[in-house]
Amino acid sequence: MAGIVILAGGASKRMGTPKATLTLPSGERLLDYHVRHASELQVPILIADNGRGFYVDSDATLSKPNSPVMPIADYGSDFDADNNEHIRTGGALVAIESALQTLSGLNDSELSNNQNASWLLVMSCDSLIPATDLWQKLQHSIILPTDKRVICLKDDSHLYPLLGLYHLDIEPDLKAYIDSGQRRVIPFIQPMVKAVPFTQDWQHLTNFNTPKDFKQACAALLKQ
């Protein structure tokens, strides 16, 4: 793995507050929870918060010098020269594109001790699945046909493309897709995705969009 991006820039309209700032029963904020677990993987952690400037508790990575936390701006193709404003809801792909570009621009010593690191782990802030567990689940599918450059979770009826691995080599194709005005995730990944079935216990830990959903996810987390 080359790095991790935590997607924390969604509108969160139904939640009523940014998901990254939600508080878990332990008192820990959701963003800090994800950073703390991600730091165990000893790779750069990129925070895609859509310019919100969320604070990250330094204690989460204090003992993990190989896990620097870096905020990143969404890929800039959403900039509108006519009104000089950035579209606030550019979607997940502009954040993933920015993360891929950022990792490609880091030198080998900044990436990790693995000179062959070539995958970006994508974590969305509508999940309580720890990055360590997600990586453990998905990494077994890395040895697969070369046309499968995205690996993500699925349940019986849905893909979860924002809980997955993206190969760094897809960056030019993703950039071209975004530059053409496209933003939908599934059509982009469909030709190249390998889906990995959910661990059953995870079903209630993700895809929360309302306070009720989050309460249920927290209850499920306590049972883990």
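## Elements and overall fold

Helices here are DSSP runs of at least four residues and strands are runs of at least two, both numbered from the N terminus. With that in hand, welcome to this predicted model. The chain holds seven helices and nine strands.

Of the 224 residues in the chain, 50% are buried. Looking at contacts between residues at least 6 apart in sequence, 71% join residues at least 24 apart. The chain exposes about 10900 Å², and 49% of that comes from carbon and sulfur atoms.

## The largest pocket

If you like to start with a pocket, the largest one contains about 770 Å³ of space. Its lining is made up of 32 residues, with Gly10, Lys19, Ser124, Asp126 and Leu162 nearest the centre. Helix H2 (92-105) and strand E8 (159-167) are the elements that each give two or more residues to this lining. E8 supplies the largest share, five residues.

By residue class, the lining of the largest pocket divides into 14 nonpolar, twelve polar and six charged residues.

## Two loop residues with positive phi

Gln42 has a phi near 60°, a positive value, and is found in the loop between helix H1 (30-39) and strand E2 (45-48). Gln42 counts as partly exposed because its relative accessibility is 27%, and that class runs between 20% and 50%.

Asn207 also has a positive phi, near 65°. This residue lies in the loop between strand E9 (193-197) and helix H7 (211-222). At 41% relative accessibility, Asn207 is therefore partly exposed.

Conventions: Residues numbered from 1 in each chain as written. Predicted model: local features only at pLDDT ≥ 70, side-chain atom pairs only at ≥ 80, totals over all residues. Heavy atoms only, no water. Buried < 20%, exposed > 50% of the residue type's maximum accessible area, 1.4 Å probe, protein only. Contact = heavy atoms within 4.5 Å. Areas by Shrake-Rupley, 256 points an atom, 1.4 Å probe, with all protein chains shown as cover. 1 Å grid on protein atoms, 1.4 Å probe; cavity = no way out; pocket = protein on both sides within 12 Å on 5 of 7 lines; lining within 4 Å. Points joined across faces, edges and corners; volume = space filled by probe spheres on them. Nonpolar A, V, L, I, M, F, W, Y, C, P; charged D, E, K, R; others polar.
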